[in-house]
Amino acid sequence: MSLVGLALYLLPGILILTCLYLYLPILLFESAKPLSSFKLSFERVKPHFLLVAALVILAMLVNSIPMMVHYVVGYFNVVPNDGQGFGIQESINVVLSGFTIPFINALVLTTYFHLKQYYATTEPH
């Protein structure tokens with residue numbers, strides 16, 4: 001039963017994230033209006049859905065690294081936490097997030113520019 005719930009929770013999120021993967025780069029770099037950015041993102045992702053879905057899953061996994069490290073450090077009590085303020089575990093989480101978030105942004109932008117170049121060379125003029 002919990003696998004069904006997990007699938008019903010994750011699959012729509014992955015679907016929506018995949019369809020809207022290029023929303024922000026289109027909004028920022030093409031000066032498109034917000035609603036047309038949604039439409040353009042969907043149109044550009046649709047032919048490459050499986051590739052972009054794989055990138056979304058990769059981004060989700062990379063984004064979960066700080067949380068997993070935080071859990072492991074806390075679970076094995078590697079660093080004692082006396083409950084007093086901001087500790088070592090939180091510091092590790094912040095530092096690792098500082099590495100993973102730029103990676104995810106680079107992944108999105110690389111995909112955007114790659115697909116933009118692809119459509120520029122394949123569209124009839």
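Predicted model: local features only at pLDDT ≥ 70, side-chain atom pairs only at ≥ 80, totals over all residues.
1. Helix H1 covers residues 2-19, and its length is consistent with its residue count: at 1.5 Å a residue, its 18 residues should span 26 Å, and the end C-alpha atoms are 26 Å apart, which agrees. The buried residues of H1 are Ile14, Thr18 and Cys19, and because they cover an arc of only 115° around the axis, they fall on the same side of H1. On the other side of the helix, Ser2, Leu8, Tyr9 and Ile16 are exposed.

2. As to what lies over the buried residues of H1, the cover includes H3 and helix H4, the latter being residues 49-63. Threonine 18, which belongs to H1, gives a residue-level view of this side: its relative accessibility is 0%, so it counts as buried, the cut-off being under 20%. Once neighbours within four places in sequence are set aside, threonine 18 is in contact with Val45, Phe49, Val52, Ala53 and Val56.

3. Helix H3 (residues 34-45) can be checked in the same manner: at 1.5 Å a residue, its twelve residues should span 16 Å, whereas the end C-alpha atoms are 17 Å apart, which still agrees. Within H3, Ser37, Ser41, Arg44 and Val45 are buried, and they cover an arc of only 90° around the axis, which puts them on the same side of H3. The face of H3 turned away from that buried side carries the exposed residues Leu35 and Lys39.

4. Which residue forms a salt bridge with arginine 44? The partner is glutamate 30, with the closest N and O atoms 2.7 Å apart. Arginine 44 lies in helix H3 and glutamate 30 in the loop between H2 and H3, so the pair ties together parts that are 14 residues apart in sequence. The count of salt bridges comes to one. In general, side chains of opposite charge can pair when their charged atoms come close.

5. Serine 31, in the loop between helix H2 (23-29) and H3, deserves a look at its backbone: it has a positive phi of about 50° although it is not a glycine. Most residues other than glycine have a negative phi. At 67% relative accessibility, serine 31 counts as exposed, because the cut-off for that class is over 50%.

6. A last point concerns serine 91, which is found in helix H6 (residues 88-122) and counts as partly exposed at 30% relative accessibility. Serine 91 and histidine 70 are 21 residues apart in sequence, and their C-alpha atoms are 9.3 Å apart in space.

Technical notes
Residues numbered from 1 in each chain as written. Heavy atoms only, no water. Helix = DSSP H or I, 4+ residues; strand = E, 2+ residues; numbered from the N terminus. Buried < 20%, exposed > 50% of the residue type's maximum accessible area, 1.4 Å probe, protein only. Expected span 1.5 Å × (residues − 1). Arc of directions from axis to C-beta. Contact = heavy atoms within 4.5 Å. Salt bridge = Lys/Arg side-chain N within 4 Å of Asp/Glu carboxyl O.
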